[in-house]
Amino acid sequence: MDSSPIRILTVLEAHSITGPTKAVLEFHRESLCSKTTPRIELSVLTFLRGDENAFTRAIRAEDIPLDIVPENGRFDFSVIPQLRNVVQRRQPDIIWTNAVKSHFLIRASGLHKSAKWVAFHHGYTTTHWSTRLYNHLDRWSHFGANRLITVCEPFARQLASRGIPRHRIHVEHMPIRISAPVPRNEAAALRQQLAIAPDTQILLTVGRLSKEKGHAELLRALAIIRTTEPNLPVCLVLVGDGPEAANLKALCAQLDLQELVIFAGHQTDLRPFYAFADVFVLPSHSEGSPNVLLEAIDANLPIVATTAGGIPEMVTTELNALLTPPMDVEALAGSILRMLKDKPL
């Protein structure tokens, strides 16, 4: 039997530890534990403008070989010779790309011909004209990949409808590692830190503050809940940051919800937030296989979510969640109220 290792080069641009970066780190950890042969040798290539960040530090902390390609902008074509040099030096058997930019650069540079190419498709957002342009480039890039991995069946059908042969598309839901329980005093300390009264029920949502995540609809649903049940002690904690932060805070003021909403910003440790919450809400317009939903399940939280993307493949309404149509504010408010008031549920 050939005992030569399988060399995998993953190309991933990130600034923090997000879903795709967590998947790379967990893949590396699992490969170290595996007793199967051939063994895996993973290395990472990332693009960087300026100083190193949380992602590059995490890669170094795991002792994963790291190549940093400096760049001057989002699509700086001067990175292509550097990319070719890394591939020539690493001699990967498989190139694993994780986003629009890395997909495009691998195909544009012709490097998809030098190794097997696996492209990971996480879905699209359409919030800006430049994003829509990048999405069109991505569709061109996909045709060069040997295998497209995506996170839910709706995305697989979408890819197939654009001409990608179905046998080259594989659906793989995002995984998480089960976490240790959070001590009660940590959850209590967070509640005290955020000045939330002991009898107040906490709604939690976690995610990037962008339009497709549905936070505006969640705020409007909270306004309905306050009108319907004015004496119900409830607050909403939004964890995350992003381009819609200012608009959401303005909407919060417009709806007179300032006393009921806490913008907690980006958090590196989410476990205490899951631990002190009463209900987790995921109001997204579009989703793939959201890590935050898995983390809420892991924390044994009651869940209210929409039927966007792969969410119905992960939870079943009336069984382990209450699901509502995306952007249906009335239905979202009704499901949240039902969850808050029906303790046996």
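**Close-up views of a predicted model**

**View 1. Glu-229 forms a salt bridge with Lys-341.** In this predicted model, their closest N and O atoms are 2.6 Å apart. Glu-229 lies in the loop between helix 8 and strand 9 (234-239), and Lys-341 in helix 13 (residues 329-341), so the pair ties together parts that are 112 residues apart in sequence. Glu-229 is partly exposed, at 25% relative accessibility.

**View 2. Arg-29 pairs with Glu-62 in a salt bridge.** The N to O distance is 2.5 Å. Arg-29 sits in helix 1, while Glu-62 sits in the loop between helix 2 (54-61) and strand 3 (66-70), so the bridge ties together parts 33 residues apart in sequence. Arg-29 is partly exposed, at 29%. Glu-62 is partly exposed too, at 23%.

**View 3. Glu-71 and Arg-49 meet in a salt bridge.** The N to O distance is 3.1 Å. Glu-71 is in the loop between strand 3 and helix 3 (79-90), and Arg-49 is in the loop between strand 2 (40-48) and helix 2. Glu-71 is buried, at 6%, whereas Arg-49 is partly exposed, at 45%.

**View 4. Glu-212 is buried yet has no salt bridge.** Its loop runs between strand 8 (201-206) and helix 8 (215-228). Arg-208, the nearest side chain of opposite charge, is 4.6 Å away. The Glu-212 side chain does make a polar contact with the side chain of Ser-210, at 2.8 Å.

**View 5. The second largest pocket has a volume of about 480 Å³.** Of its 16 lining residues, those closest to the centre are Ala-23, Phe-27, Trp-96, Phe-120 and Glu-172. Helix 1 gives the largest share of the lining, 4 residues. The lining holds 11 nonpolar, 1 polar and 4 charged residues.

Notes: Residues numbered from 1 in each chain as written. Predicted model: local features only at pLDDT ≥ 70, side-chain atom pairs only at ≥ 80, totals over all residues. Heavy atoms only, no water. Helix = DSSP H or I, 4+ residues; strand = E, 2+ residues; numbered from the N terminus. Buried < 20%, exposed > 50% of the residue type's maximum accessible area, 1.4 Å probe, protein only. Lys, Arg positive; Asp, Glu negative; His and termini not counted. Salt bridge = Lys/Arg side-chain N within 4 Å of Asp/Glu carboxyl O. Polar contact = N/O pair within 3.5 Å; in protein donor to acceptor, adjacent residues only side chain to side chain. 1 Å grid on protein atoms, 1.4 Å probe; cavity = no way out; pocket = protein on both sides within 12 Å on 5 of 7 lines; lining within 4 Å. Points joined across faces, edges and corners; volume = space filled by probe spheres on them. Nonpolar A, V, L, I, M, F, W, Y, C, P; charged D, E, K, R; others polar.
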